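Hello,

The structure I promised follows, and my notes on it come after. Please read them with the model open.

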Amino acid sequence: MDITKGLPAIDSHRDLHIWIIENLKMVPVPERAYGNFFEEHCYIILHVPQSLKTTQGASRDLHYWVGKKAGAEAQGAAATFVQHLQEALGGATVQHREVQGHESDCFHSYFHPGVIYRKGGLASALKHVETNMYNIQRLLRIKGRKHVSATEVELCWNSFNKDDIFLLDLGKVMIQWNGPKSSISEKARGLALTCRLQDRERGGRAQISIVDDEVEATDLMEIMEAVLGCRVGNLYAAMPNESINQLQKANVRLYHVYEKGEDLVIQELATRPLTQDLLHEEDCYILDQGGFRIYMWQGRRSSLQERKAAFSRALGFIQAKGYPTHTNVEVVNDGAESAAFKQLFRTWAAEPRGNRSLGGICKLSQVKLDVGKLHSQPELAAQLRMVDDCSGKVEVWCIQDVGRQRVDPRHHGQLYAGNCYLILYTYQKMGQVQYILYLWQGHQATAHKIKALNGNAEELDLVYHGALVQQHVTMGSEPPHLLAIFQGQLVVFQGSFEHNGKGQPASATRLFHLQGTDSYNARAMEVPARASALNSCDIFLLVTGGICYLWFGKGCSGDQREMARMVVTVISEKNKEIVLEGQEPPQFWEALGGRAPYPSSKSLPEDVSSFQPRLFECSSAMGHLVLTEVMFFSQEDLDKYDVMLLDTWQEIFLWLGEAASEQKKEAMAWGQEYLKTHPAGRSQATPIVLVKQGHEPPTFTGWFFTWDPYKWTNNQSYEKVAEDSLGAISTISEITAEVHNFRLTRWPSNGRTGPSALQALKGSQDSSGNELELGPKVGGSSSSSSTNSCHSSPRATISGGLPREQLRHQAAEDLPEGVDPAHKEFYLSDSDFQDIFGKSKEEFYSMAKWKQQQEKKQLGFF
C-alpha cells in the first residue's frame with residue numbers, strides 16, 4: 001500500500017488535529033476522544049495555535065506518538081506520514097517524536113486536565129469514547145503534577161500504592177481513591193480528570209465518590225472490596241519518577257552531522273554556552289541536552305535527503321549514546337526554532353546573522369515610554385517593565401547590623417555598593433493599594449548584610465499582611481521602574497556609608513559613569529578613577545579636590561548630555577567644567593593617573609525580541625530543581641498549590657499560590673538555581689521577582705493573553721470542589737445495600753474476587769433490578785453473611801499465602817503486620833489450608849459459625 005498518498009485535509013478553524021494509524025492509514029480521531037491514547041497504536045498530532053495564524057513565520061508543532069505496545073510497521077508508517085505532512089505544511093513546523101509515558105511538555109500542554117492511556121488495539125480503538133456507556137469496569141492510576149496522566153492498570157489491589165491517585169470506574173459510580181502520601185494538589189488534579197471523564201463518557205450522569213480516609217469511607221471501601229477482593233498486607237510506595245533536574249539539562253553539546261563518502265560523521269563542535277553562529281544554513285546539527293532531549297537542527301539550505309533522514313539519524317545517535325529508546329526527539333528548521341531550542345544558546349538574533357553592527361561609535365535610538373497606557377494595557381507594562389508612571393509613594397531603608405534604618409528622603413537616590421537597601425513603593429491599581437518592595441544588593445555587601453536584608457524584608461511583609469511583591473535587584477541591573485521612581489537621579493557610590501542624615505562623606509578623586517537618556521533609564525555609577533574606565537559612547541563626571549570635569553564622549557547623544565547635567569547636581573555641588581573628548585586639559589589626565597587606552601564603542605543592547613516568555617511549574621527532587629513547562633499558558637495554569645516560574649528573559653518571576661506561601665524561601669533558591677544552571681549561561685544579576693497569588697503587578701499579568709483580576713475571589717478549594725462533585729448518594733446507597741445482602745464465598749490468595757463476582761457486578765449495573773450479585777450463594781441465607789464480611793477483616797493484602805508456622809499457635813502481637821487475629825486461617829495458601837483443615841476455604845466458610853470456631857481452636861488458629 002502506498003502510504004505517501006491520501007494525506008488528510010486540515011480544518012483551518014481548529015487548533016488541534018489528531019489521527020490514529022489504522023491499517024497504515026491516517027484515521028481522524030473524534031474531538032470528544034482527544035486525550036485518549038491506545039497503547040497498541042501510533043498517533044499523529046498537529047497543533048496550529050489560532051492566535052498565531054496571522055503572525056508571519058508562526059510555527060506549528062507536529063508530533064508522532066508511539067504506544068508502548070505499537071508494532072514496528074505502525075511506527076514506520078507514522079514517521080513517514082509525519083515527513084509528508086511536514087513537506088505539505090512547509091518549513092515553519094517543529095517535529096516531535098513522543099513515546100508513551102515520556103512525552104514532552106509541549107505534548108502534554110494540549111490536553112487538560114490530562115491524558116488517558118487505554119489498553120487495547122485495533123478493534124477497541126475504532127470507537128475511542130462512547131458517551132453514556134455504563135457497562136464498564138476498569139482501574140486507572142492517575143499521576144503527575146502539572147501534566148497529569150491516567151493509565152489503565154490491572155483490576156486488583158496489587159496495582160495500588162501509597163503515592164498515586166486511583167480511579168475505580170464502575171460505570172454509574174466512579175470512586176477516586178487518594179493515596180495516603182498523595183498531596184492535596186495531586187488530589188485536586190486527579191479530581192479534575194475524573195470530572196472530565198464523567199462529563200465526556202457518562203454525559204455527566206455518573207456519580208463521583210472520593211476515598212480520602214478509608215476508616216471514614218466504610219461504604220465505599222465495601223464496594224471496592226467487593227470488586228477488588230480483600231486487601232491483605234501493606235501498600236507499597238510508588239517507584240520514584242525519572243525526573244530530570246536542571247543541572248542535568250544544562251549539559252548541552254552540539255554535533256555537526258554530515259556524510260563523508262558512504263559514512264555518516266557526527267563531530268562534536270561545542271559545549272555550554274553555545275552561540276548561534278555555530279549553526280550554518282548549509283548543514284545539519286544534533287544538539288544533545290544531557291540525554292533528556294535530542295534536537296535535530298536543519299539549515300535552510302540543507303539537502304532534501306538530509307531532511308528526510310532527520311529522525312533516523314537522531315534515533316541512531318540515541319542508540320549509539322546508549323540513551324533510553326523513549327528519549328524525546330525534536331526536529332527544528334532554520335528560522336522556525338522552538339522557544340526551548342533558542343534558549344539553549346547564549347544569544348539568539350531574530351534577524352539574519354550578520355545584519356547587526358557592533359563596530360564604530362554607536363548612537364542608540366531611544367524609545368520614549370508612554371506611561372499613560374500602562375493601566376489600560378498590561379501587556380505594555382510587562383514589555384516596558386513599568387507598573388505605573390512612578391507617581392506613588394517611596395520609602396527607603398538602609399540595612400545596618402541586623403536592623404534597618406530609614407533613609408532621609410533627600411538622600412533616597414544615593415546608594416552605596418557596600419550596603420543593602422529596602423525600597424518600598426506604594427501605588428494604586430483599580431482602586432486597590434499595591435506594593436512593590438525592592439531588595440537592592442550592592443556588589444560589595446557582605447553575606448551578613450545580605451542575610452539581614454532578607455530577614456528585614458520578611459518582617460515588612462508580615463507588617464503588610466503578605467501583600468508585598470518582592471523584587472531582588474543586584475547593583476547595576478536595576479529595572480526601569482526602580483530607576484524611574486528616583487526620577488533619573490540614582491547614584492551608586494563605592495564603599496559603605498552609615499545613613500545618618502549628614503549626606504555623603506568627603507572623599508578623594510572620584511569618577512562616575514553617567515548612563516541614560518531620560519528619567520526612566522538614567523543612573524550614575526562610581527567606577528575606578530582611571531582613564532581605562534572611560535568610553536567614547538558615554539558621559540563621565542570626574543570629581544577632584546578643587547573642580548569637577550563633565551566629560552562628553554564623541555558618541556554621546558544630546559539626550560544623554562541633557563540628562564547628565566541633571567544628575568551631576570546630586571553627586572557634587574562644585575563648579576563643573578565641560579570637557580569634550582580630545583580636548584582634555586592636562587589636569588584631567590593627571591587626576592586619572594595618566595592617559596590610557598579606553599573603548600571607543602560598546603555592544604548593542606541584548607536583543608530579547610526573539611525570546612518568548614516561558615512558564616514552568618517548580619518542584620524538587622533529590623535536592624535539585626525540577627521544572628515542568630506549560631506551553632501556550634494562561635491564567636488557568638496558575639493553581640493555588642503551585643510555585644510557578646515565569647521567565648521573560650529580562651526578569652524571573654516566581655509566583656506563589658495561596659496554599660504554597662510557606663515555600664517562599666525555597667522558591668527564591670529555585671530562582672537562583674534556575675539562573676545558575678541555565679544552558680545559556682544567564683547573568684546571576686537577572687532580577688528575581690516574588691509574586692503572591694492575588695497581588696500580581698501588571699508587569700506580571702501583562703505576559704498573559706487575558707487576566708481576570710477577580711478570578712481568585714471565586715477560587716474554590718479542593719475540599720469544596722470535591723464536595724460539589726459528589727452529588728446524590730442514591731447509587732452508592734443501592735450498591736452498598738447489595739454488598740451487605742450478599743457476601744463473597746471465597747477470598748482468593750491474590751486478593752481479588754472471582755471472575756463470576758466481577759461479571760455479576762458488571763452485569764447488574766445495566767439491569768433494572770435492585771440486586772447486586774457479588775458471588776455465588778453457597779449455603780445459608782444472605783442475612784448471615786454480614787457477620788463474615790470482608791470489611792471486618794484487614795484491608796491490607798498479602799499476595800500468595802503466609803507460612804503456616806507464622807500463623808499457627810501465634811499470639812496476636814506475634815503475627816505478621818496486617819494480619820487480622822480473628823481470621824488467621826484466611827492468610828494460609830490454598831494448599832496449606834487444604835492440608836491442615838482437610839477441606840477448601842469455600843467449604844470451610846460455608847459451615848456454621850460455631851463449627852468454624854471449633855475447628856480453629858483444635859488446629860491452633862483461634
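The expected span of a helix is 1.5 Å times one less than its number of residues. Helices (H or I, at least four residues) are DSSP runs, numbered from the N terminus.

This is a predicted model, in which local features need pLDDT of at least 70 and side-chain atom pairs count only at pLDDT 80 or more, while totals for chains, interfaces and linings use all residues. Residues are numbered from 1 along each chain as its sequence is written, and side-chain values use heavy atoms, with hydrogens and water left out.

Confidence: the average pLDDT (the predictor's confidence in each residue, from 0 to 100) is 82 for the chain, and 82% of the residues score at least 70. Residues 741–789 have pLDDT below 50. In the model this stretch has 90 contacts (heavy atoms within 4.5 Å) beyond near neighbours in sequence.

Helix α8: this helix covers residues 310–321, 12 residues that should span 16 Å, and its end C-alpha atoms are 17 Å apart, which agrees. Just after α8, G322 has a positive phi of about 75°.

Helix α20: in residues 830–837, D832, F833, I836 and F837 are buried. Their arc is only 105° around the axis, so they are on the same side of α20. S831 and D835 are exposed on the other side. The cover over the buried residues includes α21 (841–845) and α22 (849–859).

Regards

Technical notes: Helices (H or I, at least four residues) and strands (E, at least two) are DSSP runs, numbered from the N terminus. Buried means under 20% relative accessible area, exposed over 50%, partly exposed in between (1.4 Å probe, protein chains only). The arc is that of the directions from the helix axis to the C-beta atoms.
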